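I opened my notebook on a new model today. Here is what I looked up, entry by entry.

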Amino acid sequence: MSILSQLAWIAFLIAGFFCFVYSWFVLLRMSPDKPFRWRDRISLLALIIASGAVLLRFVMPAFWGSDFGGQVRMAQAWTKVSVRICAGALVLSFVGRPRFIVPLVVACLATAGFWVMSTIP
């Protein structure tokens, strides 16, 4: 990878992190006077699912075996599952609140990319 593509990739991951923070902050800070409608619930569900995929990345090493081949197979299996989880959250984000579509899309794509790029042996 060239330096420019690496910088773009790092900027995208940082943008995904900020999209997660923004979405969690805004969804949790909603006014209690305002009713939590169905689109808000779907956006929250998509955010929880995508956050679960991020957390799985840090849980996965606890299940690695001692041999390198087992670690690679385990990483491939977990990557497939987590990218599919991100795809489900991505689809849900399109049904959720319009204000959260772009941040959730960026967060889901950054999470899936993080999984793929961080588990390449």
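**Ground rules.** I sort residues by relative accessible area with a 1.4 Å probe and protein chains only: buried is under 20%, exposed is over 50%, and partly exposed is in between. This is a predicted model, so local features need pLDDT of at least 70 and side-chain atom pairs count only at pLDDT 80 or more, while totals for chains, interfaces and linings use all residues. I number residues from 1 along each chain as its sequence is written, and side-chain values use heavy atoms, with hydrogens and water left out.

**Overall layout.** I took secondary structure from DSSP runs, numbered from the N terminus: helices are H or I with at least four residues, strands are E with at least two. The protein chain has 4 helices and 0 strands, in the order α-α-α-α from the N terminus on. Its C-alpha trace spans about 55 × 35 × 20 Å along the principal axes. I find that 35% of the 121 residues count as buried.

For contacts I use heavy atoms within 4.5 Å. Among contacts with a separation of 6 or more, 74% come from residues 24 or more positions apart.

A reminder to myself: an α-helix has 3.6 residues a turn, so residues three or four places apart point the same way.

**Gly16.** Which residues does Gly16 contact, leaving aside neighbours within four places in sequence? I get Val106, Ala107 and Ala110. Gly16 has a relative accessible area of 1%, so it is buried. The C-alpha atoms of Gly16 and Val105 are 8.7 Å apart, although 89 residues separate the two along the chain.

**Cores.** I define a nonpolar core as a set of buried Ala, Val, Leu, Ile, Met, Phe, Trp, Tyr and Cys residues joined through side-chain atoms within 4.5 Å. The largest one has 15 residues, and Phe20, Leu27, Leu47, Ala50, Phe100 and Leu104 have the most contacts inside it. Helices α1, α2 and α4 each supply at least two residues of this core. Another core lies apart from it, with 7 residues, including Ala75, Trp78, Cys86 and Trp115.

I then listed the partners of Phe20, not counting residues up to four places away: Leu47, Ala50, Ser51, Val54, Ala107 and Thr111.

Thr111 is in helix α4 and is buried at a relative accessible area of 4%. Beyond four places in sequence, Thr111 touches Phe20, Ala50, Ala53, Val54 and Cys86. Ser93 sits in helix α3, residues 68-95, and is buried at 0% relative accessibility. With the neighbours within four places set aside, Ser93 contacts Ala46, Ile101, Leu104 and Val105.

**Cysteines.** A disulfide is a pair of cysteine sulfur atoms within 2.5 Å, and I count 0 of them. Cys19 is in no disulfide, and the nearest cysteine sulfur, that of Cys108, is 10 Å away. Cys19 is buried at 16% relative accessibility, and Cys86 is buried at 2%.

**Rings.** I pair rings of Phe, Tyr and Trp (its six-membered ring) if their centres lie within 6.5 Å; planes under 30 degrees apart are stacked, over 60 edge-to-face and the rest tilted. The count is 4 aromatic pairs. Phe58 and Phe114 form a tilted pair, 6.2 Å centre to centre with 40° between the planes. This pair links distant parts of the chain, with Phe58 in helix α2 (residues 38-59) and Phe114 in helix α4 (residues 101-118), 56 residues apart. Are the two partners buried or exposed? Phe58 is exposed at 60% relative accessible area, and Phe114 is partly exposed at 28%.

Last entry: I looked for a charge over a ring, which needs NZ of Lys or CZ of Arg within 6 Å of the ring centre and within 35 degrees of the ring normal. Arg57 lies over the face of Trp115, 5.7 Å from the ring centre.
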